[in-house]
Amino acid sequence: MFNKLSIRWKITITIVLLMVFIFTLCNIIQLFLIQVSIINQQHHRIEKRLTETVAYMDEEYNKKQSNETFIMDTRHYFEKIIQNNEMIRLLDTNGKVIYTVSQKMPKIDIDKNSVGQFRQYRLHNQEILIASKALHYGKFHGILEVAINVEIFSKFVKESFFILIFGTIFSLILSIISGWFLSKKLLKPIKNLNHTMLKIKNNQLKERVFVGEINDELSELGLIFNKMMDELEASITRQKRFVEDASHELRTPLAIIHGHLSLVNRWGKKDEKVLEDSLNTCINETNRMIILTNELLQLSKLEKGNEEIIKFEPCNVLEVVQEIINNYRLLHEDMKIDYVQENENIDQANITREHLMQVLIILFDNAVKYSKDETKINILVNQSDQHVQIRVTDNGIGISEEDLKHIFDRFYRADKARSRANGGNGLGLSIAKNLIDDYGGGLEITSEYGEGTTAIITLAVYRFE
């Protein structure tokens, strides 16, 4: 039953039960302490009265040394000093009453077996506390009893009990009211979170939880939720853009292939030139789709949960750079490549040979695609204590400041018409960035529009264990 209640009712009931338990426990402790305190006070009072009475009788006996005169004189004295709700009684050893002096006290039974002890006696709704002591004066042997009526104090304890019960009930009512409003206030941020989540469920991704200035756990929960939604919205936006761009990129070659196949189907079968041109175009577009698909698969693999790099062999940066330079000089005889090595010795870098070659090929291809009439590339390699840096600079058309912000976005191209003509898919730098990031390195692109672009690769130096 309790589990089916709302959190608000659970908090309210829990607070009420806790408060009832606390108040009840405190009231019981207070009532117990009050009762103990009153009993101790009355014991002390009657004990003091008994001591004073015995002391007076001792003094009178020492003065007169006469049993008869001594006993009668003490009676007269006690009759003068007796107070309301008190009794002084003298008994012989057989329990026979010699005299009784009392003031508004009921008749009390005699109990010879309780000499020297405190005794509580209840009669006619009256509670009597009795203390006694054995007396020995010459030939006289007897028992002295002193009694007081403590009913007024018992009534006080009972009244205190009812007052505490009333206070507990009143506290219970206040606990219910305060628990209800307190739970409402505490659950308000959670209720806001719930409403926001319902709005988000209805495709309102821009909705966020309102977070006040109070710095508590619920506010922290709201901040974490908002941050999570920001990341989720950004991820969904990237995914949506990726699907749109991928669809757009695949649509063009498919349309070209479909058009040429339709052309061949209609009348190109008999025209060898048309047939050959159409087949070559279809093959080129198919190759372009294969390259695009491979790049998309590689990006998906690189971004699949940021998987840890499997154990690898570090690479010799100088060898990889030199191999890339030699290859591109063979492919592009008119390309001018200047190579500078600032440090005499360059340590191995924390990346595999294949991945570093792939990144450099992407940068060199971009330099060739977007170069001016004469392609010129400057390569600079240097090393600090902890990092190896490779700087690739071209003299191409450059990138505008606005386009530079999106340079690592998938399918993004500063000059879409020209890059498509050069066979670019806008995925190269995204792949390069992911590869370098996976090894804990950095890839930075700087450019000045119309002047050229510089790519800076920073890799950690490999330390042998």
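Here are a few friendly notes on this predicted model, taken point by point.

1. Let me start with the main core. The largest nonpolar core has 41 residues, and those touching the most other members are Val317, Leu356, Leu360, Ile379, Val381, Ile390 and Ile457. At least two residues each come from helices H6 (317–331), H7 (353–369) and H10 (428–438), and likewise from strands E7 (376–383), E8 (387–394), E9 (442–448) and E10 (452–460). H7 gives the largest share, eight residues.

2. Val317 is worth a look in your viewer. Setting aside neighbours within four places in sequence, Val317 contacts Ile346, Asp347, Ala349, Leu356, Val381, Val388 and Ile390.

3. Now for the surface. A nonpolar patch there is formed by Leu18, Phe21, Ile22, Leu25, Ile29, Phe32, Leu33 and Val36, with about 750 Å² of accessible area together. In soluble globular proteins, nonpolar side chains tend to be buried together. Ile22, one of the patch residues, sits in helix H1 (residues 7–64). Its relative accessible area is 37%, so Ile22 counts as partly exposed.

4. One backbone angle also deserves a glance. Asn85 is a residue other than glycine with a positive phi, near 65°. Most residues other than glycine have a negative phi. Asn85 belongs to the loop between helix H2 (67–81) and strand E1 (86–92). With a relative accessibility of 32%, Asn85 is partly exposed.

Key
Residues are numbered from 1 along each chain as its sequence is written. This is a predicted model: local features need pLDDT of at least 70, side-chain atom pairs count only at pLDDT 80 or more; totals for chains, interfaces and linings use all residues. Side-chain values use heavy atoms; hydrogens and water are left out. Patches are made of residues with over 30% relative accessible area and no salt bridge: like charges are joined within 9 Å, nonpolar side chains (Val, Leu, Ile, Met, Phe, Trp, Tyr) within 5 Å. Accessible areas come from the Shrake-Rupley method with a 1.4 Å probe; for residues, only the protein chains shown count as cover. A salt bridge is a side-chain nitrogen of Lys or Arg within 4 Å of a carboxyl oxygen of Asp or Glu. Helices (H or I, at least four residues) and strands (E, at least two) are DSSP runs, numbered from the N terminus. Buried means under 20% relative accessible area, exposed over 50%, partly exposed in between (1.4 Å probe, protein chains only). A nonpolar core is a set of buried Ala, Val, Leu, Ile, Met, Phe, Trp, Tyr and Cys residues joined through side-chain atoms within 4.5 Å. Contact means heavy atoms within 4.5 Å.
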